Amino acid sequence: MRVQFHTLGCRLNEAEVERWAAQFQRRGVALAGADEGADLVVVNTCAVTQEAVRKSRHLLRRARRVNPAARLVVSGCYATLEPGALADLAEVDLLVTNRDKDRLVELALARLDLAGAAPTPADVAAPLFARGRQRAFVKVQDGCRHRCTFCIVNVARGAERSRPIAEVCAEVAGLVAAGVHEVVLTGVHLGGYADAGGGDLADLVRALLAETAVARLRIGALEPWDLPDGLWGLFADPRLMPHLHLPLQSGSDRVLRRMARRGTTGDYARLVAAARAAVPDFVVTTDIIAGFPGEDAADWAATMDFVARVGFGDLHVFAYSPRAGTPAAGWPGQVDAAVRQARCRELGVLARALRAATLCRFVGRRVAVLVEARGPAAIPGHWSGYTPSYLPVRVAAGGAPVPVNRVVEVALVGITDEGAALVGEARP
């Protein structure tokens, strides 16, 4: 029997798919590539916005169309929030909500009366490499106790819970032994990580650096108000990559209050200043929502000004999308869709300028790059990867192939014409 996976949305979904794949392997179920036939298809859905719901439904229908005879299992946030809507889809054979997703493999094999082959030792990195990925996402925490007024994830993911430090260390050690060089810690509310013994996120990172041989460790998206004490000092170990994605959402304090965010722009600016003072070459990226209900021209001007002053390495810019079930969706003062899109375009121009400025600061340096993939077919002889500060690099090999999933030294010689990535030359 062969199983195929599809996912969209957050890195947490990616981490869950990788764990399911390893568990299916241990039960004797082979992995099928994206373009191969499968007997079982598992889709991990997203519902953070109405657009994500639409994409989830499209993905389910496409999965059925490509593998018409396969059994289809659906899980994730859309499956959890709107199980009735999915129950009406003929494509779905089994629905597993977030509450039960840790048992998805067991439930799928039992309830669909599927039989794997004899249990086999799992190559924990095989699912990762089979999907063309080199960085492993490791889920360490789930759920959220906070109630941002635009967000439905706290409902979909439920109460906060964290994995024990020893269990995470064992998983990372296994990935390293299987050939993984870079691990990304993921969670819904990563700053809320709490080991049963009292350890916080800083303690988890400290243990991973001390007890595993992971070459490159990254911390996933982290709420800026929840950084644990002692975090900055851990970056003295060069294996902890000097980058954090700290979602801001708005540069207007008035809008932040309406969003029920737990800090001000002043708090955020002080945090970024502390990071940059403590950690050389530290890069901060963020999320911004354009057109939140009640956001006026002055609020938007404040956001544009604050983003420019912080000088982010990159931005994820989203037009506000009303999500049924959240307080903000029913508020008066909804911003016109055309205005939201115009603000996205305006911020997009600034984001591209900030990204190019950040890349230019690194030209002339030599850095270690994890080579993750061969470059686009239109640019032969190039490979792609990321610097420790999570800056994309297009690596030229000078005629010699660059090994994928290898950390190589790269001389950064420029940036691409569109200003989206660094250009580097692999050095022996």
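Figure 1. Asp-142 and Arg-157 are both buried (under 20% relative accessible area; exposed is over 50% and partly exposed in between, with a 1.4 Å probe and protein chains only). The structure is a predicted model, in which local features need pLDDT of at least 70 and side-chain atom pairs count only at pLDDT 80 or more, while totals for chains, interfaces and linings use all residues. Residues are numbered from 1 along each chain as its sequence is written, and side-chain values use heavy atoms, with hydrogens and water left out. Asp-142 belongs to strand 7 (residues 141-142) and Arg-157 to helix 7 (residues 153-157), so the pair ties together parts that are 15 residues apart in sequence. Helices (H or I, at least four residues) and strands (E, at least two) are DSSP runs, numbered from the N terminus. A network of salt bridges links Asp-142 and Arg-157 with Glu-16, Lys-101, Lys-139 and Arg-161.

Figure 2. Arg-206 pairs with Asp-203, the closest N and O atoms being 2.8 Å apart. Arg-206 is partly exposed, at 38% relative accessible area, and Asp-203 is partly exposed, at 30%.

**Figure 3. The salt bridge of Asp-226 with Arg-262.** The closest N and O atoms of this pair are 3.1 Å apart. Distant parts of the chain are linked here, as Asp-226 and Arg-262 lie 36 residues apart. Asp-226 counts as buried, at 14% relative accessibility, whereas Arg-262 is partly exposed, at 29%.

**Figure 4. Contact of helix 13 with helix 14.** The axes of helix 13 (residues 297-310) and helix 14 (residues 337-362) come within 10 Å and cross at roughly 10°. Helix 13 is therefore roughly parallel to helix 14 (an angle under 35 degrees). Residues in contact (heavy atoms within 4.5 Å) include Trp-300 and Met-304 of helix 13 and Leu-347 and Leu-350 of helix 14.

**Figure 5. The hairpin of strand 15 and strand 16.** Strand 15 (residues 382-386) and strand 16 (residues 392-396) run antiparallel and are joined by five bridges. Five residues lie between the strands, and Tyr-390 in the turn has a positive phi of about 65°. Trp-383 stands opposite Val-395 in strand 16.

Terms used:
Pairing = 2+ DSSP bridges. Axes fitted to C-alpha atoms, helices over the stretch in contact; angles between N-to-C directions. Parallel < 35°, antiparallel > 145°, perpendicular 65-115°, else oblique. Salt bridge = Lys/Arg side-chain N within 4 Å of Asp/Glu carboxyl O.
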